[in-house]
Amino acid sequence: MRTAREQPTIVVVDDQAALREATENLLKSAGLKAVSFASAEDFLQAAALDGAGCLILDVRLPGMSGLELQQHLAANGIHVPIVFITAQEDSDGEMRARALRSGALAFLRKPFSDEDLLNAVRSALETRK
């Protein structure tokens with residue numbers, strides 16, 4: 001069994017403070033370790049990848065988007081499971097397809113259920129074992 005120290009961290013990157021905090025609280029209430037950031041740049045500056053077991057990324061962020069962060073990480077040889085979340089319209093499915101083609105494990109439309117998010121995160125953590 002993993003201790004809290006060994007437990008991977010779920011990183012939430014979303015510019016909507018209320019959703020970011022609610023997501024972090026949901027993860028913690030499910031027994032997961034979580035931290036959150038308001039932007040991709042804040043996340044990168046914090047060097048929060050150490051111990052990251054999964055990223056929950058909003059597609060639309062100020063500055064670097066979630067999709068651009070995904071590309072940045074891949075270009076630097078950093079492979080961490082990603083669950084995308086978005087309220088952005090994707091009627092042709094291209095955004096979802098692009099994210100999944102680039103390695104994302106899930107793509108959830110806001111509002112999503114707590115259960116859907118937790119299932120996606122648990123699946124992402126399973127890929128790291």
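A residue counts as buried when its relative accessible area is under 20%. The structure above is a predicted model.

**Exercise 1.** Find how many aromatic pairs the structure holds, and classify the pair formed by phenylalanine 37 and phenylalanine 43.

*Solution.* The count of aromatic pairs is two. For phenylalanine 37 and phenylalanine 43, the centre-to-centre distance is 5.9 Å and the angle between the planes is 65 degrees. Planes over 60 degrees apart count as edge-to-face, and that is the class of this pair. Phenylalanine 37 and phenylalanine 43 are both buried.

**Exercise 2.** Classify the pair of phenylalanine 84 and phenylalanine 107, and state where in the chain each residue lies.

*Solution.* The ring centres are 6.2 Å apart and the planes stand at 45 degrees, so the pair of phenylalanine 84 and phenylalanine 107 is tilted. Phenylalanine 84 lies in strand β4 (residues 82-86) and phenylalanine 107 in strand β5 (residues 106-109).

**Exercise 3.** Describe the largest nonpolar core and list the contacts of leucine 55.

*Solution.* The largest nonpolar core has 22 residues. Those that touch the most other members include Phe43, Leu55 and Phe84. Among the elements giving two or more residues to this core are β1 (9-13), α2 (40-45) and β3 (52-58). Leaving out residues up to four places away in sequence, leucine 55 touches Val11, Phe43, Leu73, Val80, Pro81, Ile82 and Val83. One of these, Val83, belongs to a second, separate core of 19 residues.

Conventions:
Residues are numbered from 1 along each chain as its sequence is written. This is a predicted model: local features need pLDDT of at least 70, side-chain atom pairs count only at pLDDT 80 or more; totals for chains, interfaces and linings use all residues. Side-chain values use heavy atoms; hydrogens and water are left out. Rings of Phe, Tyr and Trp (its six-membered ring) pair if their centres lie within 6.5 Å; planes under 30 degrees apart count as stacked, over 60 as edge-to-face and the rest as tilted. Buried means under 20% relative accessible area, exposed over 50%, partly exposed in between (1.4 Å probe, protein chains only). Helices (H or I, at least four residues) and strands (E, at least two) are DSSP runs, numbered from the N terminus. A nonpolar core is a set of buried Ala, Val, Leu, Ile, Met, Phe, Trp, Tyr and Cys residues joined through side-chain atoms within 4.5 Å. Contact means heavy atoms within 4.5 Å.
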